[in-house]
Amino acid sequence: MCAMWRLQVALCTLSVVSLSFGGESKARSCSDVRQAYNAKGFSLVNVPHQEISGELPRVCPEGYTCCTAEMEENFKQLSKMEFENLVEESSRNMRTTFVSKHKKFDEFFLELLDNSEKSLNSMFTRTYGKLYMQNLEVFQDLFTELKRYYTGGNVNLEEMLNDFWARLLERMFQLLNSQYHFTDDYLECVSKYTDQLKPFGDVPRKLKAQVTRAFIAARTFVQGLMVGREVANRVAKVNVVQPCARALVKMLYCPYCRSMPGLKPCHNYCRNVMRGCLANQADLDTEWNLFIDAMLLVADRLEGPFDIETVIEPIDIKISEAIMIMQDNSMQVSAKVFQGCGQPKPSGIGRSTRGISNVFSTRFKPYAPEVRPTTAAGTSLERLVIEIKEKLKESKRFWSNLPDDICAKGKLTESDEEQCWNSHTKGRYFPDVVKEGLTNQLNNPEVDVDITRPDTLIRQQIMALRVMTNKLKNAYNGNDIYFQDSSDEGSSSGSGSGCSDGCTTEFVFVGTDAPVVGADRSDVRAAAAGKSVSCGQSLLLVMAALTLPLWALQTRWR
């Protein structure tokens with residue numbers, strides 16, 4: 001019995017020795033690993049020539065390895081940097097699109113405004129000469145305020161346009177009645193009755209509707225392009241947390257430690273890693289898609305009823321038409337003003353000495369197509385909007401598709417599912433691929449994601465998109481939410497509504513808007529936005545107080 005026991009011990013000892021020598025003989029060369037490691041820019045000092053054992057790896061599988069703890073740490077830093085570059089590279093085209101299209105649209109709109117102002121200045125100088133030059137600031141202020149509104153200024157378009165027509169009425173009324181002397185109080189009385197007198201016919205009403213809805217759409221659209229650019233740039237700068245860093249080095253560089261430096265990860269393995277590392281980015285996708293849909297709807301408006309090109313280019317013609325109407329109706333307008341505001345005192349200078357009637361007798365005609373100024377920014381609104389719409393459509397579902405785009409077969413991963421790194425060795429990867437998004441990472445086999453701690457930066461960008469989408473929806477309906485009174489909801493009397501029967505109102509106004517950081521280019525602050533709301537309510541009270549006396553005066557004039 002004792003002899004049998006000794007025989008068993010001897011056989012076991014022989015087996016252990018045999019296995020030990022067999023294991024020693026299986027230690028592979030690390031020459032390929034050394035070469036690949038050196039090619040990454042690392043020193044070969046302390047890099048083993050053959051696989052070693054005994055040094056416990058922190059991330060990669062245990063066993064014979066070509067990696068030291070120092071090498072593994074270097075690979076960790078390298079994989080983190082490469083992942084950041086992959087995300088930036090994958091999103092570069094989309095981010096560049098927002099930058100370039102924002103710049104192009106901005107240039108186009110501002111040049112369109114400049115061309116219109118130059119055209120008006122040229123035509124009015126030729127026609128009215130000194131009279132126009134003496135009243136130049138009225139027209140300059142109009143274009144200055146239009147530009148200020150477009151570039152993010154806190155301008156109420158409706159009030160600004162009403163003020164322009166009131167000032168123009170004051171100037172023209174004095175010129176057409178130069179035999180009288182008018183005090184400031186008298187001129188203020190004249191301007192108050194612009195709506196009742198309608199000295200410029202229906203031109204102010206039509207132009208106000210066209211300008212407000214076109215400018216609201218254009219300003220909101222360019223702000224949308226800016227917000228899209230800023231959100232994309234911020235989200236593309238990924239925050240690599242520790243669990244993601246471990247998963248990345250395991251996927252990209254643990255094959256080095258197993259003497260297989262050229263082995264790419266399996267496709268589904270890569271998808272699980274990327275969906276874990278980009279879980280927060282994928283959560284942006286829902287709000288991003290709603291934002292893109294709203295941008296596309298406003299783009300449709302810019303092509304159709306809110307076409308800024310057809311509104312801005314003929315502004316000079318429309319103002320000239322209004323002046324002609326005022327000239328034709330000057331006798332009736334003056335009589336009604338004298339009746340409502342009182343008989344002015346003679347100035348001692350006869351009207352005939354001014355020859356004003358002859359000055360205002362010239363009617364402008366639009367440019368013929370062949371002599372119209374060169375199209376703004378070397379393009380047309382239609383071509384520009386079509387280009388932007390195509391790019392916007394391509395960016396839908398970008399963030400949820402990003403992990404799969406990075407893991408495209410042949411690019412980062414191996415197309416042969418049997419000849420790829422599966423996180424332990426060469427072979428097929430069997431675990432299921434989890435869905436995208438933070439909450440779906442609870443069962444991710446590769447990345448230990450804390451689903452209870454969403455990324456703060458991503459949540460901020462989701463809110464920025466939500467605010468911008470709300471602006472776009474209101475712009476689609478022709479509403480400027482900075483100046484919309486609560487009583488105007490559902491009506492067409494609010495600033496910038498301008499919708500005729502042909503306009504649909506598919507979106508419901510949500511009064512929770514706040515300025516988007518980085519979207520507006522002026523110093524509009526949250527306090528200013530709150531102030532505009534309170535001003536709108538005060539304006540309602542003032543308008544209500546004026547309604548009865550104005551109605552009484554109108555009845556008296558009739």
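1. The pLDDT is the predictor's confidence in each residue, on a scale from 0 to 100. This is a predicted model, in which the protein averages a pLDDT of 79, with 75% of the residues scoring at least 70. Among its elements, helix α12 (residues 267-277) has the highest mean pLDDT, 96, whereas helix α22 (residues 526-557) has the lowest, 38.

2. Two stretches call for caution. Over residues 483-558 the pLDDT is below 50, although this stretch has 108 contacts in the model beyond near neighbours in sequence. Residues 351-359 also stay under 50 in pLDDT, and for them the model has 13 contacts beyond four places in sequence.

3. Turning to charged pairs, the count comes to 27 salt bridges. One of these joins E158 to K208, with the closest N and O atoms 3.8 Å apart, and it links helix α6 (residues 157-176) to helix α9 (residues 203-236) across 50 residues.

4. D404 and R275 meet in a salt bridge of 3.0 Å, N to O, which connects helix α20 (residues 398-406) with helix α12 over a separation of 129 residues. R275 is buried, with a relative accessible area of 8%, while D404 is partly exposed at 26%.

5. E287 in helix α14 (residues 285-303) and R466 in helix α21 (residues 456-476) lie 179 residues apart in the chain, yet they form a salt bridge whose closest N and O atoms are 3.2 Å apart. Here E287 is buried, at 10% relative accessible area, and R466 is partly exposed, at 41%.

6. Finally, salt bridges that share partners join R271, R275, D285, R397, D404 and E436 into one network.

Definitions and conventions. Residues are numbered from 1 along each chain as its sequence is written. This is a predicted model: local features need pLDDT of at least 70, side-chain atom pairs count only at pLDDT 80 or more; totals for chains, interfaces and linings use all residues. Side-chain values use heavy atoms; hydrogens and water are left out. Helices (H or I, at least four residues) and strands (E, at least two) are DSSP runs, numbered from the N terminus. Contact means heavy atoms within 4.5 Å. A salt bridge is a side-chain nitrogen of Lys or Arg within 4 Å of a carboxyl oxygen of Asp or Glu. Buried means under 20% relative accessible area, exposed over 50%, partly exposed in between (1.4 Å probe, protein chains only).
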